[in-house]
Amino acid sequence: MPELGSSRAMDTFPRLLFYHAQTRGEKTAMREKDLGIWQSWSWSDVAEHVRAVACGLAEMGFQRGDNLAIVGDNRPRLYMTMAAVQCLGGVPVPLYQDAVANEMLFVLQDAGIRFALVEDQEQVDKLLELKDQLPRLEHIVYDDARGMRHYNQPFIHDIEELMAMGRIHNQNHPGFLDGEVAKGAAGDIGVMLYTSGTTGKPKGVCLTHHAFISAAKGGAEFDRLTADEDILSYLPMAWVGDHLFSFAQAMVTGFTINCPESGETVMTDLREIGPTYYFAPPRVFENLLTQVMIRMEDASPLKQKMFHFFMKVARRSGAEILDGKPVPFADRLLYALGNLFVFGPLKNVLGMSRIRVAYTAGAAIGPDLFRFYRSIGINLKQLYGQTETCAYVCLQPDGEIKFDSVGKPAPGVEVKIADNGEILVKGPMLLKEYYKRPDATAESINAEGYFMTGDAGFFDDEGHLKIIDRAKDVGRLANGAMFAPNYIENKLKFFQHIKEAVVFGANRETVTAFINIDIGAVGNWAERRGIAYSGYTDLTARQEVYGLIQECVEQVNAELVAEGMLADSQVHRFLILHKELDPDDDELTRTRKVRRGFVAEKYAVLIDALYSGKQTQFIETQVKFEDGRTGKVAADLQIRDAKTFPVLRQAA
Amino acid sequence: MSGRKIGDVILDLQNISLRFGGVKALTNISFDVREHEIRAIIGPNGAGKSSMLNVINGVYHPQEGRINFHGEERRRMEPHMAAKQGISRTFQNIALFKGMSVLDNVMTGRITKMKANFLEQAIRIGRAGREEIEHRKKVEEVIDFLEIQHIRKTPVGRLPYGLQKRVELARALAAEPTMLLLDEPMAGMNVEEKQDMCRFILDVNDQFGTTIVLIEHDMGVVMDISDRVVVLDYGKKIGDGTPDEVRNNQEVISAYLGVAH
């Protein structure tokens, strides 16, 4: 890794790129599978291409400060164009490639796009559809010429044409590009990434070279990344994580990025490349595990036995071995055998044999899933960050992995918990501003320069950050202790027998809960025990089922009490609902989030019962069937007390 | 379709009659195919569409009539000779090697272009190795063109029907044909698969200038993508012309919709 901080020469991405090209130009910078063969570009190749693209853009009239839209799958020349734009002091704006034309319109207008680089005909067509609404759009450059023969519009160009133009420009003005690169400053905007805009319009997050270089460098040092890492670049270029891993860290450490052949070949390409550094959202890890399990069920009995035997060993000691904790010698021996027969081949099939560090983020990952990967020896970790912080706030240090925390503040990052529980962060990786939105910028960065994440969390005793909820959902118990309903519900939902949970407690003495059982899992469980039941409502009322759920609730209580801050949120009483919460009955949103207020109102009589100490409560509810008819479900619900644990008050 | 120019007649069939014993499959049919065009043959079940294709392909030999291909009167010939002349085809009921991978299946499309003999290929000496690389390159281009990279190594038998059809098209394309015969390329497909197939057929025609003769049941598809249409019914030609002409042809309408008695 080049010595950053020390020399001023390495403070923008173009400077880093030309540094690699000069000092280790023959090393591989990028690979792409094309026509069945992995093609490589060395750092000098990349530098040459970037120079050609940059000069070509300049020739076409690209100005310092212009924004250039990039739309497409992860392709080497799309990454190169990012660097080329930065060379000229412009700002690349990657867009989500699977967005339909109308979704792109807002961003293209907001960013005042004059130049767009797109992958192929599909994307060109989208832009042409919007052309009338984009008076500022002057040039569209495409990367893949397939199907483009009949597009004669003068403003559409092949990237080859652009580069040819650039090469001539470079010959005629040899010092031009170096001069442009020299004009760049670390504080310039390096890239603009749009937030997804789940609430309101998307906002352009302006991030400087300095921010991304600091984040990339901090992360690389934290995980001791070297120039020999291989990474598969397959997540959308518009997403902050891809920009950090595939662009910023590759530029900072000089490792190799690998672009898959197409979206559908990612699994094959993963196996062929065998990355050493890997990122995937929890969903991907879950799908992989499901595939493995399904295939194991079809395996011969001997193989199945072997698999289950060694997985038991792995569950017992795999994660501990990975963390370097003491493990009995016999287990170590068994684990080594398991590695030979099961884990090794399994990792090979998954394309994960060479992984040194793997990260996941973006959603809560189930503890079983997380432990599975760690137990077979894959160093899977979690991180926390958002677009506004270059996806760089907290990282899990090797050897200190907890499935329910996102790790410790990353090097150079200051994390503070506000009085309302909101996580505030400060550091070099913060956004400069929201594009043309001073109001939003002012709202999200407070007077002391902290970015307000909108997430609520707390530090545990070992200094690990736990994310509990969106800050606006967090309330207080009557005694003033923090109450984070989502956090408790998630804990409950991690049990396979619990499908949905709704907890109450804001401004009350204690916390109580409604539980929805998972009919598949609990039904299966009941069948294996020979428990007869006639239907959902009947099953929910069985004493055995209450016992099962009670165990889950008490386990959650034990976990909560161990977490100090949330010890007061232990669930004192709970009941199992007689019907499933359903979007058709307006109890859930279409994306299956609980509509807390509505549920509390609809089942007010049950909440009263929970807090009044009653043992049973009669309830009759109207349900809507799929064909629109309505019916009634009535039941006498039992209410159980769950065991709680004494709260140890910490001496102040 | 601005870039494509329809050329002269390259295949001319005149007064073709084909009999199997006493059954008349085709009776006195004449039509022609022009270079670079998409020519459709339609008709109800048993109209003689596949027989017509098999005549062009050299599988069946008509008892009467003349076939002129590229200005040459065709004598009795076998399908492999048709292949050598640049005619490739796909089949109504997929005819792939089910146990072999997609890649290997498509490679078989190159067989007429291979010069190395059986022995050289078996032990991979001399020109066989060099040739294989060359052919593989061509095959990869086809795989890329039809977007089937993700199933390159998958045995064909494991693929869904729509993809198998696409692999068959890939094999036909690997032979770099000048004329492509497609026997119901869209039969049994869902709407999305049909759309994909249409796009590929148009792309092949546009990009490589390949002349395409296709049989299809789905009238909507035929009318959308073909330049000219021949309509057969009970082995006789009852219509010939542009999609619009055919659509308004009274005889065609009766054949398809039935007539009031």
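In this predicted model, Arg596(A) is partly exposed, at 27% relative accessibility. Its side chain meets that of Glu489(A) in a salt bridge, with an N to O distance of 2.7 Å. The pair links distant parts of the chain. Glu489(A) belongs to helix H16 (residues 485-493) of chain A, and Arg596(A) to helix H20 (residues 596-602) of chain A. The two residues are 107 residues apart. Glu489(A) is buried, at 3% relative accessible area, because the limit for that class is under 20%.

Arg595(A) lies in the loop between strand S26 (571-576) and H20 of chain A. Arg595(A) is partly exposed, with a relative accessible area of 36%. Not counting residues up to four places away in sequence, Arg595(A) touches Asp586(A), Glu587(A), Leu588(A) and Thr589(A). A polar atom of the Arg595(A) side chain lies 3.5 Å from the backbone oxygen of Asp586(A). The C-alpha atom of Arg595(A) is separated by 9.3 Å from that of Val502(A). Along the chain, Arg595(A) and Val502(A) are 93 residues apart.

Strand S26 also takes part in an open sheet of four strands in chain A. The strand order is S24-S25-S26-S29, and the pairing is mixed. Strand S24 (498-504) and strand S29 (640-641) of chain A stand at the edges. Each has a single partner strand, so one side of each is left without a neighbour in the sheet. S26(A) and S29(A) pair in the antiparallel sense, over two bridges. Within this pairing, Arg573(A) has Asp641(A) in S29(A) as its bridge partner. Helix H19 (residues 543-562) of chain A packs on the sheet. H19 touches S24, strand S25 (511-517), S26 and S29 of chain A. The direction of H19 makes about 150 degrees with that of S26(A).

A further salt bridge joins Lys493(A) to Glu500(A). Their closest N and O atoms are 3.3 Å apart. Lys493(A) is partly exposed, at 29% relative accessibility. Glu500(A), by contrast, is buried, at 9% relative accessible area.

In chain B, the side chains of Asp32(B) and Arg228(B) meet in a salt bridge of 2.9 Å, N to O. Asp32(B) lies in strand S2 (residues 23-34) of chain B, and Arg228(B) in strand S9 (residues 228-233) of chain B. The pair therefore ties together parts that are 196 residues apart in sequence. Arg228(B) counts as buried, at 18% relative accessibility. Salt bridges that share partners also build a network with residues from chains A and B. The network joins Lys33(A), Glu261(A), Asp269(A), Glu272(A), Arg136(B), Glu140(B) and Arg152(B). Over all chains, the count comes to 64 salt bridges.

The domain assignment of chain A gives domain 1 (8-276) and domain 2 (475-641). The C-alpha centres of these domains of chain A lie 49 Å apart.

Ser233(A) sits in the loop between strand S10 (230-232) and helix H9 (240-253) of chain A. Ser233(A) counts as buried, at 0% relative accessibility. The side chain of Ser233(A) makes a polar contact of 2.9 Å with the side chain of Ser246(A). Leaving aside neighbours within four places in sequence, Ser233(A) is in contact with several residues, including Asn74(A), Tyr79(A) and Asp242(A). Ile257(A), Asn258(A), Cys259(A) and Pro260(A) are also among its contacts.

Definitions and conventions: Residues numbered from 1 in each chain as written. Chains lettered and ligands numbered in written order. Predicted model: local features only at pLDDT ≥ 70, side-chain atom pairs only at ≥ 80, totals over all residues. Heavy atoms only, no water. Salt bridge = Lys/Arg side-chain N within 4 Å of Asp/Glu carboxyl O. Buried < 20%, exposed > 50% of the residue type's maximum accessible area, 1.4 Å probe, protein only. Polar contact = N/O pair within 3.5 Å; in protein donor to acceptor, adjacent residues only side chain to side chain. Contact = heavy atoms within 4.5 Å. Domains from an automatic or database assignment. Pairing = 2+ DSSP bridges. Axes fitted to C-alpha atoms, helices over the stretch in contact; angles between N-to-C directions.
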